[in-house]
Amino acid sequence: MLRKYRRYLKLERNFTDNTIEAYMRDVERYLVFLQQAGIDHPEQAELKDVEEFSASLRDVGIGPRSQCRILSGVRSFHKFLLIEEYTDKDPTELLESPRLGDHLPEVLSTDEVDMLEAAIDLSKWEGQRNKAIIEMLFSCGLRVSELCNLELSHLYLDEGFIRIFGKGRKERLVPISKTAIHELQLWFMDRNMMGNIKKGEEHIVFLNRRGARLTRTMILIIIKNLGIAAGIQKTISPHTLRHSFATSLLEGGADLRVIQAMLGHESIKTTEIYTHIDAHTLRDEILTHHPRNKSRGGA
């Protein structure tokens, strides 16, 4: 299939050798992602699978322009599968491209995070689990993929740390707040009563009702629904809580290198977006409080 695709790029699309190699690298990266998700044949991929691949690019710090280039290769590959009749559907037709430009991510204040948690119905089975999820995302700044794959053996609650494996299985230790530890311990009381945990998932921290690990999409739905229930007007996602964690650290005086280490960014350039967020906050404060920006009334 890949040999045919390479020939298609050369003969049908008339791409240069460098462009062909770039497209092939992108598709191979996509195929590895699908295989890790249990999809051995790319023609079986659905829109949600491509969306999760797109989200994974952002999670490892790839910029919007590079994301667009990689997704362009994925679209081309699925078009090829359609033309060559490997499949009769193209899951990339409704795929949204990352926004370009200097768009700054939404952030939530501590009060808004409290509003999210207050919107949780703790009488439901999943209530305490969802509260622990929000605290972990906000207190530890985890990527959603890191949260999904968090294992019980990676928790060092007595020491106040958790061990995270991020991009390229790169390991980092992240402090965990007392509040997050408390919410986790309450969740474990419910988790320990589950009698239907799937084989091979016994070590996973966050599970669904069927005893399997939560997916990225499921956590996205949980956060969005809580945002609506809490009356928060911002467009939020699990990544919003990660941004909020970093912004809170910066506003509290944390060094940018510390934030880089906590987030697991390979490059400080990825972390520097939070200096832009802080600059916007600073500007608003100056415009609001500086005497030269206040109305002079009748003077």
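This is a predicted model: local features need pLDDT of at least 70, side-chain atom pairs count only at pLDDT 80 or more; totals for chains, interfaces and linings use all residues.
How far apart should the ends of helix H6 (residues 127–140) be at 1.5 Å a residue, and how far apart are its end C-alpha atoms? Residues are numbered from 1 along each chain as its sequence is written, and side-chain values use heavy atoms, with hydrogens and water left out.

**View 1. Helix H6 and the glycine that follows.** The 14 residues of H6 should span 20 Å, and the end C-alpha atoms are 20 Å apart, which agrees. The expected span is 1.5 Å times one less than the number of residues. Helices (H or I, at least four residues) and strands (E, at least two) are DSSP runs numbered from the N terminus. H6 is mostly covered, with 14 of its 14 residues buried; buried means under 20% relative accessible area, exposed over 50%, and partly exposed in between (1.4 Å probe, protein chains only). Just after H6, Gly-141 has a positive phi of about 65°.

**View 2. The open sheet S1-S2-S3.** Three strands line up in that order with antiparallel pairing, and the edge strands, S1 (155–156) and S3 (171–175), each pair on one side only. Two strands pair if DSSP finds at least two bridges between them. Two bridges join S1 to S2, and five join S2 to S3. Look for Leu-155 with its bridge partner Ile-162 in S2, and for Phe-161 opposite Pro-175 in S3.

**View 3. The hairpin and the two faces of S2.** Four residues lie between S1 and S2 in their hairpin, and Gly-160 in the turn has a positive phi of about 80°. In a regular strand the side chains alternate between the two faces of the sheet.

View 4. The structure holds zero disulfides (pairs of cysteine sulfur atoms within 2.5 Å). Cys-68 is partly exposed, at 21% relative accessible area, while Cys-148 is buried, at 7%.
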